[in-house]
Amino acid sequence: MSDRRISREDVEAARDRIGDVVHRTPLDTSRTFAELSGAASVGLKLENVQRAGSFKIRGAYNRMAQLSEREREAGVIASSAGNHAQGVALAGDLLGIETTIVVPEVTPAAKIEATRGYGAEVIVEGEIYERSYEYALERAEETGETFVHPFDDEAIIAGQGTVGLELLEQYPELDTVLVAIGGGGLISGIGTVLKAADPDVRVIGVQPEGALHAKPALENDHIHELADVDTVAEGIADTRMLETTFANAREVVDDVVGVTDRELATAVTLLAERAKTVAETAGAAPLAAALSEETDLEDEDVAIVVSGGNVNLSEHAELTRTGLGELGRYAEARLAVAGWPTTVGDLVETVEAEGAALDVLERARRGPDDHPNRVPVTVGLEGSGPQHLRGVLESLGELEDVSVVERGLE
């Protein structure tokens, strides 16, 4: 790969190329997140409502639209564990190019089916993304298909940079932008545009602590590769940047912040509750950083790029449950109940009377410490805070046939 830096002119050319294809996604201001982060204002750049559910269509279409007729006839191949697959598949459908996507075994079934829905052939190969990547390169050599890299490509970076052009138009007063980093294509493109317009704009990258390769790379001025990654944010679970993205990112990224998986779950939850928007963990990472004590945004105008919204709904529900727990608004408790299941009505009425929501009510697996003449029951409760939930559990414990064994609250 070439390490040539892209320019704002490259990004503007990309916008001309993709302008009739991609959505100009909205910028949603949030007073709530401004107050929580200490910022003067916060604007959410909602790439989660982009076509195919993420910013990836921008770069994929810009790259594939420049293929020669011979290259188009030979087809395109890509490897992806997430949104790049759908971006390439959609671009291929729009351009009339046959596409093949190689995905690792861990790829969610919903993303595989969505990719096939755009007409792509999907090959599941390898336990991890690196093996899928290697297989795709090997096949490209054999078949003559063009390999479309998920990030380490000048045309890909330029396409992603069109998000930055829209930010300049929608939020010209911005002081700082927060962008998730996987391989570095999105932040390289956005940073190039914003720094060209105003060198004082801060460009802050965000990564999960379990995939934090960009911070040491930029601090030590050489590519840093992780031996493995461990994060719930599979969309940005890359092990390293590559030559092209590193060459661009090192010139435009001011800092990189790490966030925990629990902070990611909280951010996903707050986006759903306060902004009424569904985001995947990678897309919620910049908000997690904005709310972190590690990031000083005092009195600044801040843009948060919500980069994707392709979620498995059951996983999203589990994440929001974790997020509510982090916010002190959800707890699970273990009860010992006599007279099951006739006591169920009393449990439900008590929870409702206390103004809480009953999320889970189920018979639990009996353990050696459970009373043989009582039925172990698990309840999941949602309330306004720890004090409220403690009050609900106290009321449940006062019922004649119920005792609280484990409270699930600190």
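A residue counts as buried when its relative accessible area is under 20%. With that in hand, strand 13, which covers residues 375-382 of this predicted model, turns out to be mostly covered: of its eight residues, seven are buried. Strand 13 also has partners. Strand 11 (residues 330-337) runs antiparallel to strand 13, and eight bridges join the two.

Next up is A303, a residue of strand 10 (residues 301-306). Its relative accessibility is 0%, so A303 counts as buried. Setting aside neighbours within four places in sequence, A303 touches G43, L167, Y171, L174, T176, V177 and L178. G185 sits 118 residues from A303 in sequence, and their C-alpha atoms are 18 Å apart in space.

What about aromatic rings? The structure holds one aromatic pair. The ring centres of Y133 and F147 are 5.7 Å apart and the ring planes meet at 65°; planes over 60 degrees apart count as edge-to-face, so this pair is edge-to-face. The pair links distant parts of the chain, with Y133 in helix 7 (residues 129-143) and F147 in strand 6 (residues 146-147), 14 residues apart. Both partners fall under the 20% cut-off for buried residues: Y133 is buried because its relative accessible area is 15%, and F147 is buried because its value is 13%.

Methods. Residues numbered from 1 in each chain as written. Predicted model: local features only at pLDDT ≥ 70, side-chain atom pairs only at ≥ 80, totals over all residues. Heavy atoms only, no water. Buried < 20%, exposed > 50% of the residue type's maximum accessible area, 1.4 Å probe, protein only. Helix = DSSP H or I, 4+ residues; strand = E, 2+ residues; numbered from the N terminus. Pairing = 2+ DSSP bridges. Contact = heavy atoms within 4.5 Å. Phe/Tyr/Trp six-rings, centres within 6.5 Å; stacked < 30°, edge-to-face > 60°.
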